[in-house]
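Me: I am new to this structure. Please take me through a few of its parts, one question at a time.

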Amino acid sequence: MITPRFHCTQTLEAVVVSIYCPSVRASDVEINVDETLLTVHINPYFLRINFPHSVLEDDQSSATYDPSSGYLTVTLTKEVKGQEFPDLDLLAKLLAPRHVEVPKQPAIEVIGSEASSQSELEELVDLTDAISLEQREILEAAENDWQFPQTIAESSSPLQLSTKRYYGFLNMYTGYFTHVVHAENDVNELGSEAESCLPEERRAKRLQHEEKKWDEEHYMADYMDDEYIQELLAWEDPGLKDAECILTESENMTMLNLPRKEYLPTELQQRNLYLTLLTLLFASAYDRRTTQHDPTPESAWTICSLIPAFSALDPPPYLSSENVPLSIPTPGFTDHDLASALMPSYRRSLAFPLYRSFAMADACRNDVAAVLAKGRRMVTRYLLEMKHVLDHHEVYYVYNKIWVDDFCVWIQASASDEIILDIAQQLKVLAITKSMIGWNIENLEDAALVDTTSSDSDSDDESSE
């Protein structure tokens, strides 16, 4: 079945769905309405939309087909007149399966029970005879102030029952790097072991590679001769100047072509997705700023190199960073959480791409905060632009398959605007210092400034003579 192109609008009393299905017979259309669910089937098209609130199929509802334009227009009455239906432009959210509430009450109710024919004393004797060795140890411990006999457990690695290693969005993927040695994947830091590395091994390889790529001379050259970097820092992203982000028809078509999945992450996985999203947006912001939103043939490499979840299959959370100021206490994410998630992005921006500047990394962090402050639609636009860049690369498109495509669907269907806006506010004032990077950047810069001052002083002395 083909999912047709569609868009939704609303009035105070109704929701209007316009479906593009050219060259069909109107008499073959099947429309079903079940509370919040609208199902439309007309061969070869099938569309299922889950509205945020209930709709009705009554006398005011209608369905008309215009053969000249190819549009089927379905008008459904709102169950509650005047009720606002939010996010009708987020197609991935409308296409997501209807959420089924799990009953919180026990499914079994005890109606009654029969008393045993044995006396309580006889029953106690039988239970005492039947207790196991472990139960006896517990009883003995209870009589001895709960002192159990203890031995030091031997450390052992987790038992691995499969040779497969999973990675990507919610660790759902495997097998994408089986033949990576035969592909020109220059960002892969795991080599031929990409399919066999454990998560802790991936992280160790990533850190080792970052240390290897760090080049003091390159960084200091950009620090001392920063005329072009200052120009990049002064650049303002025109996409962030718009008061409201409205997805274009092309962007909506791309969303419709993505696979529709229902994600069931745990609370911890959901939390880690937000942290991983920061690293994707940081890489996108760096490329947009350094190319001034005009992607180059190197853009795909730059983006993938800056994202640890791509190059080393190593997403957040990362090891804790020391001395992170906790200026904003929050039940969601602390400054510590956000800084530790962005730390590898900062380090990699100073070790891999052409322009290496701590001020540039800070500017990218501010760009990410500005994107998040615009809400899910702007985040979706950034992810779709990243997807467009990677889709046109013969090797790096694989990272769309295991990360970006799912993020595009998840950000519309499941992400929380409230959480995104909270992160944006924290990120805007987040303090990440050079001392957190771990490469003695401050000492290098101070030494360079001292040398420059000394050279200027010597030049003045020579000219005075």
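Me: Where does Glu-13 lie?
Reply: A word first: this is a predicted model. Strand β1 covers 5–10 and strand β2 covers 14–20. Glu-13 lies in the loop between β1 and β2.

Me: How many Å apart in space are Glu-13 and Glu-79, C-alpha to C-alpha?
Reply: In sequence, Glu-13 and Glu-79 are 66 residues apart. In space, their C-alpha to C-alpha distance is 8.4 Å.

Me: Which residues does Glu-13 touch, not counting those up to four places away in sequence?
Reply: A touch here means heavy atoms within 4.5 Å. Leaving out residues up to four places away in sequence, Glu-13 touches Leu-76, Thr-77, Lys-78 and Lys-81.

Me: In which sense do β7 and β8 pair?
Reply: Strand β7 holds residues 62–66, and strand β8 holds residues 71–78. Asp-66 stands opposite Tyr-71 in β8. Over 5 bridges, the pairing of β7 and β8 is antiparallel.

Me: Which residue in the turn between β7 and β8 has a positive phi?
Reply: The two strands form a hairpin, with 4 residues between them. The positive phi is about 80°, and the residue is Gly-70.

Me: Which are the edge strands of the open sheet of 3 strands?
Reply: The order in this sheet is β3-β4-β5, with antiparallel pairing. An edge strand pairs on one side only. The edge strands are β3 (30–34) and β5 (45–50).

Me: By how many degrees are neighbouring strands of this sheet turned against each other on average?
Reply: Direction is ignored for this angle. The average is 10°.

Me: What is the bridge partner of Leu-37 in β5?
Reply: Strand β4 spans residues 37–42. Joined by 6 bridges, β4 and β5 run antiparallel. In β5, the partner of Leu-37 is Asn-50.

Me: Why do the buried residues of α7 line one face of the helix?
Reply: Helix α7 (residues 249–256) has the buried residues Glu-251, Asn-252, Met-255 and Leu-256. They line one face because, seen down the axis of α7, they fall within an arc of 145°.

Me: What do the buried residues of α7 pack against?
Reply: One partner is a strand, β1. The others are helices.

Me: Which residues lie closest to the centre of the second largest pocket?
Reply: This pocket holds about 420 Å³ of space. Its lining has 19 residues, and α4 (199–213) and α8 (267–291) each supply at least two. Closest to the centre are Gly-168, Asn-171, Asn-272, Pro-315 and Pro-316.

Definitions and conventions: Residues numbered from 1 in each chain as written. Predicted model: local features only at pLDDT ≥ 70, side-chain atom pairs only at ≥ 80, totals over all residues. Heavy atoms only, no water. Pairing = 2+ DSSP bridges. Axes fitted to C-alpha atoms, helices over the stretch in contact; angles between N-to-C directions. Buried < 20%, exposed > 50% of the residue type's maximum accessible area, 1.4 Å probe, protein only. Arc of directions from axis to C-beta. 1 Å grid on protein atoms, 1.4 Å probe; cavity = no way out; pocket = protein on both sides within 12 Å on 5 of 7 lines; lining within 4 Å. Points joined across faces, edges and corners; volume = space filled by probe spheres on them.
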